[in-house]
Amino acid sequence: MIAERIKHLREKNNLTQSSLAKKLNVTRSSVNAWEMGISVPSTALIVDLAKLFHVSTDYLLGLNENATLDISSLNDKETTILYELIEYFKSQK
C-alpha cells in the first residue's frame, strides 16, 4: 500500500525519483525500493513524506483512505469557498 501511495504522490507532484530522493536526503535507489515494495521508509521519512505531500501518515500507511488538505493558511472567506466546493462535488456523485 505505501509503495503505491508514494509513487502516486510523487508522480502527482511531477517529481522524479531522483528529485524526491534529493528532497529527502536519500538515494534514488531507496525511493525506487520503496515504490517497488522491496523496502519501506523509516518512521522519520514517512513523516517527512507526509509533510512534503501534505497528507497524513495514516494515509501513506493505508490506515485511512482519506487524503487531507491543509487549509490553515486560508482566510475565512477562502475556507468557506473551499467547503462550498466540496459540498458541490459531493452532491454531483
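Mentor: The expected span of a helix is 1.5 Å times one less than its number of residues. Helices here are DSSP runs of H or I with at least four residues, numbered from the N terminus. This is a predicted model, where local features need pLDDT of at least 70, side-chain atom pairs count only at pLDDT 80 or more, and totals for chains, interfaces and linings use all residues. Residues are numbered from 1 along each chain as its sequence is written, and side-chain values use heavy atoms, leaving out hydrogens and water.

Trainee: What distance does α6 reach from its first C-alpha to its last?

Mentor: Helix α6, residues 76-91, has 16 residues and reaches 23 Å, close to the 22 Å expected.

Trainee: Which residue has a side-chain oxygen that reaches a backbone nitrogen at the start of α6?

Mentor: Asn 75 does: its side-chain oxygen comes within 3.0 Å of the backbone nitrogen of Lys 77.

Trainee: Now for pairs. At what angle do α2 and α4 pack?

Mentor: Axes are lines fitted to C-alpha atoms, for helices over the stretch in contact, and angles run from 0 to 180 degrees between N-to-C directions. Helix α2 (residues 17-24) and helix α4 (residues 43-53) pack at about 110°, with axes 11 Å apart. The two are therefore roughly perpendicular (angles of 65 to 115 degrees).

Trainee: Which residues of α2 and α4 meet?

Mentor: Contact means heavy atoms within 4.5 Å. From α2 come Leu 20, Lys 23 and Leu 24; from α4 come Leu 45, Asp 48, Leu 49, Leu 52 and Phe 53. Six of these residues are nonpolar (Ala, Val, Leu, Ile, Met, Phe, Trp, Tyr, Cys or Pro), two are charged (Asp, Glu, Lys or Arg), and none is polar (the others, Gly among them).

Trainee: How are α1 and α3 placed?

Mentor: Helix α1 (residues 2-12) and helix α3 (residues 28-36) pack at about 120°, with axes 6 Å apart. In α1, Ala 3, Ile 6, Lys 7 and Arg 10 meet Val 31, Trp 34 and Glu 35 in α3. That contact has four nonpolar, no polar and three charged residues.

How values were computed: Parallel < 35°, antiparallel > 145°, perpendicular 65-115°, else oblique. Polar contact = N/O pair within 3.5 Å; in protein donor to acceptor, adjacent residues only side chain to side chain.
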